[in-house]
Amino acid sequence: MTQSTETVRLTVGQAVIRFLNAQYVERDGTVEKFFGGAFGIFGHGNVAGIGQAMLQYQDEFPYYQGRNEQGMVHIATGYAKMRNRLGALAVSTSIGPGATNMVTGAGTATVNHLPVLLLPSDVFATRSTGAVLQQQEHPYAQDITANDAFRAVSRYFDRIWRPEQLAPALLEAMRVLTSPADTGAVTIALPQDVQAEAYDFPADLFRERTWYVARNRADRAAIARAAEIIRSAKKAVIIAGGGVIYSDASEKLVEFAESTGIGVGVTQAGKASFPHTHDLALGALGASGSVYANGPASEADVVIGIGTRYTDFTTASNTLFKNPDVQFVNINVAEVDVHKEAATPLLGDARETLDELLAALDGWSISDDSRAAAVRSAADWRAEIDHIIELDGSPTLSQAQMLGILNDAAGERDVIVNAAGSMPGDLHRLWRPGSLKGYDIEYGNSCMGYEIPGAIGNALADRTRRVFGLIGDGTYLMLSQEIMTAVQEHLAITFVVVDNYGYGSIAALSETRGSQGFGTRFNERGDALRHDGSRIEVDFAANAASYGAKVWKADTADGFREALEGATAYDGTSVVYVQVDAQGRFGGSGAWWDVPVAEVSELESSKQARVEYDEEKSHQRLYL
């Protein structure tokens with residue numbers, strides 16, 4: 001293509017928005033616009049720079065208003081997940097605290113390999129003003145700013161000191177954002193004077209540009225080696241991670257499982273990748289899983305990991321795979337993940353690699369006994385779910401029963417969104433997703449506060465689905481204000497606020513680790529100067545209503561059903577406040593999670609917990 005010498009005089013802020021509005025992505029012949037717009041909270045650092053550009057182009061490039069900078073990044077993360085990483089949002093903030101408020105959100109996006117573009121404002125490039133309001137001053141280096149904090153949590157970071165630097169930075173940012181292997185948070189810091197500076201940019205920078213998302217194939221020799229290992233298996237298990245969904249490999253995974261007879265366990269990110277009702281669906285695997293998947297995994301002599309990062313929850317802190325002769329075969333687009341657990345690596349797209357691996361196996365299947373054992377485990381787990389969520393006539397709902405009612409109320413294409421706390425573990429075990437994009441549980445970064453903005457991002461990305469944002473009372477108090485954003489955008493979201501009187505998940509963990517639930521309940525300071533006084537009663541329903549949402553309250557099964565019926569019929573943002581039994585728990589996963597306990601202590605509870613910890617840790621191993 002002949003390159004034009006024509007130029008366009010724009011400010012740096014205007015050039016950024018013009019460029020973003022011209023970016024497209026293509027996979028499998030389908031072309032889509034990549035950016036769905038931008039969120040922004042304006043301050044002195046960006047109001048007259050990139051803020052002016054958003055005003056100028058608002059009819060072409062949608063602007064969204066957020067309430068909290070971290071929340072805006074979480075919205076962008078939920079949006080990218082619903083778009084299957086083939087779409088993104090940009091986020092603009094002012095200098096200083098407005099910018100660094102985004103760091104947690106950046107870490108969440110990067111850990112989960114989800115594309116978001118962050119545009120924090122920065123100090124004056126000219127240094128003509130002296131110290132700027134909200135500027136960090138370093139006596140040994142004037143080119144270090146608060147935005148350098150983003151380097152550790154971004155897949156790509158740049159700072160635009162001169163307009164000439166913008167074009168290569170934007171092109172490199174798009175390379176990372178559209179890369180299946182490298183995607184995550186991209187941060188381009190924009191000094192506030194540079195944002196407003198005019199420059200003659202090449203007109204070609206703003207032409208419509210399509211980024212092609214490749215389906216890379218694994219090495220043929222590696223395919224042959226992997227097939228040989230799989231053929232040797234007496235007992236095997238498949239771990240399906242988020243990469244199965246992002247590569248549209250779910251149908252191919254079903255074909256692979258049916259052909260080989262190997263049972264499929266799912267990670268949090270891969271939960272919806274394999275049909276819950278399938279005969280070989282073992283369900284949740286790992287520390288937040290069940291014995292019905294973890295049992296087969298512990299006995300397996302071959303583990304096939306597809307699109308998984310092998311987090312400590314998935315591996316039960318490297319205690320789950322107990323077979324002394326276990327071998328791993330990994331399929332992943334990311335080199336850093338495909339080699340984990342000393343695996344035979346198949347570096348490539350999950351859908352294409354599974355297809356080629358099937359061909360290499362040439363009709364091989366595991367023994368009839370192993371296939372039958374997987375089918376029994378899957379059936380037993382589905383029966384156990386029915387038992388756990390069954391209503392028993394108790395006056396107060398357990399959390400599991402509440403989830404069962406909610407799951408029954410959800411439509412096939414509805415989406416459940418949640419993050420840290422006790423509910424992700426319960427959802428991992430109990431939820432029955434109706435569709436591939438129906439399950440967004442942020443557990444890569446386990447980020448409290450993702451739930452409400454994450455639900456908004458999902459709803460913005462696909463307005464044809466109803467989204468359920470499931471949030472505990474502890475997390476609600478951290479980042480609830482984005483409910484107003486949902487109301488502002490007329491989004492069909494039902495937020496379910498579950499009140500179990502504190503940080504319930506950590507209370508349970510604290511008790512098992514000898515720390516007696518310390519600091520996890522919301523009580524006033526009592527006479528003994530401890531937080532053991534009266535419980536602080538928060539009117540969550542009134543708070544949610546103050547943001548403009550329509551609110552229902554419930555504390556019984558019938559009341560919860562009625563509330564959900566009303567909330568889902570409402571054409572807008574609704575909230576259902578439900579109280580559950582804070583002590584209502586069900587059996588564990590049969591797997592361990594490494595949370596170190598004090599080696600010495602004056603507390604008997606800690607001493608006993610350390611004995612149990614040392615016993616469990618003795619089973620930990622590295623796979624070499």
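This briefing describes cavities, a surface patch, salt bridges and selected residues of one structure. The model is predicted. In total, 3 cavities of 30 Å³ or more are found, and the count of salt bridges comes to 32. One nonpolar surface patch, of about 240 Å², is described as well.

**Largest cavity**

- The volume of the largest cavity is about 660 Å³.
- Its lining is made up of 47 residues, and those lying nearest the centre are Gly242, Gly243, Tyr246, Ala269 and Gly307.
- Two or more lining residues are given by each of β2 (23-27), α9 (242-246) and β16 (327-332).
- Helix α9 supplies the largest share of this lining, with 3 residues.
- Sorted by class, the lining of the largest cavity holds 20 nonpolar, 21 polar and 6 charged residues.

**Second largest cavity**

- The second largest cavity has a volume of about 60 Å³.
- The residues that line the second largest cavity are Lys81, Met82, Ile245, Ala269, Leu436, Lys437, Tyr439, Asp440 and Asn458.
- The elements contributing two or more residues to this lining are α3 (69-82) and β19 (439-441).
- By class, 5 nonpolar, 1 polar and 3 charged residues line the second largest cavity.

**Nonpolar surface patch**

- Leu477, Ile536 and Val538 make a nonpolar surface patch of about 240 Å².
- Isoleucine 536 is placed in the loop between α20 (504-512) and α21 (540-546).
- Isoleucine 536 counts as partly exposed because its relative accessibility is 43%, a value between the limits of 20% for buried and 50% for exposed.

**Salt bridge between aspartate 248 and arginine 215**

- Aspartate 248 and arginine 215 form a salt bridge in which the closest N and O atoms are 4.0 Å apart.
- Aspartate 248 belongs to the loop between α9 and α10 (250-260), and arginine 215 to the loop between β11 (209-212) and α8 (220-231), so this pair ties together parts that are 33 residues apart in sequence.
- The relative accessible area of aspartate 248 is 36%, which means that this residue is partly exposed.
- Arginine 215, by contrast, is buried, with a relative accessible area of 10%.

**Salt bridge between arginine 432 and aspartate 408**

- A salt bridge also joins arginine 432 to aspartate 408, with the closest N and O atoms 3.5 Å apart.
- Arginine 432 is located in the loop between α16 (423-430) and β19, while aspartate 408 is in helix α15 (residues 399-409); the pair therefore ties together parts that are 24 residues apart in sequence.
- Arginine 432 has a relative accessible area of 22% and is partly exposed.
- Aspartate 408, at 58% relative accessibility, counts as exposed.

- The side chains of lysine 607 and glutamate 604 meet in a salt bridge at 3.4 Å, N to O.
- Both residues lie in helix α23 (residues 604-617), where they are 3 residues apart, about one turn of the helix.
- Lysine 607 counts as partly exposed at 39% relative accessibility, whereas glutamate 604 counts as exposed at 57%.

**Salt-bridge network**

- The buried residues in α10 include Ser250, Lys252, Leu253, Val254, Phe256, Ala257 and Thr260.
- Glycine 261 follows α10 and has a positive phi, near 75 degrees.
- Alanine 222 is placed in helix α8.
- With a relative accessible area of 4%, alanine 222 is buried, because buried means a value under 20%.
- Alanine 222 and valine 73 are separated by 149 residues in sequence and by 38 Å in space, C-alpha to C-alpha.

Conventions. Residues are numbered from 1 along each chain as its sequence is written. This is a predicted model: local features need pLDDT of at least 70, side-chain atom pairs count only at pLDDT 80 or more; totals for chains, interfaces and linings use all residues. Side-chain values use heavy atoms; hydrogens and water are left out. On a 1 Å grid over the protein atoms alone, a cavity is a set of points where a 1.4 Å probe fits but cannot get out, and a pocket is an open set with protein on both sides within 12 Å along at least five of seven lines; lining residues have an atom within 4 Å of a point. Grid points are joined across faces, edges and corners, and a volume is the space filled by probe spheres set on the points. Helices (H or I, at least four residues) and strands (E, at least two) are DSSP runs, numbered from the N terminus. Ala, Val, Leu, Ile, Met, Phe, Trp, Tyr, Cys and Pro count as nonpolar, Asp, Glu, Lys and Arg as charged, and the others, Gly among them, as polar. Patches are made of residues with over 30% relative accessible area and no salt bridge: like charges are joined within 9 Å, nonpolar side chains (Val, Leu, Ile, Met, Phe, Trp, Tyr) within 5 Å. Accessible areas come from the Shrake-Rupley method with a 1.4 Å probe; for residues, only the protein chains shown count as cover. Buried means under 20% relative accessible area, exposed over 50%, partly exposed in between (1.4 Å probe, protein chains only).
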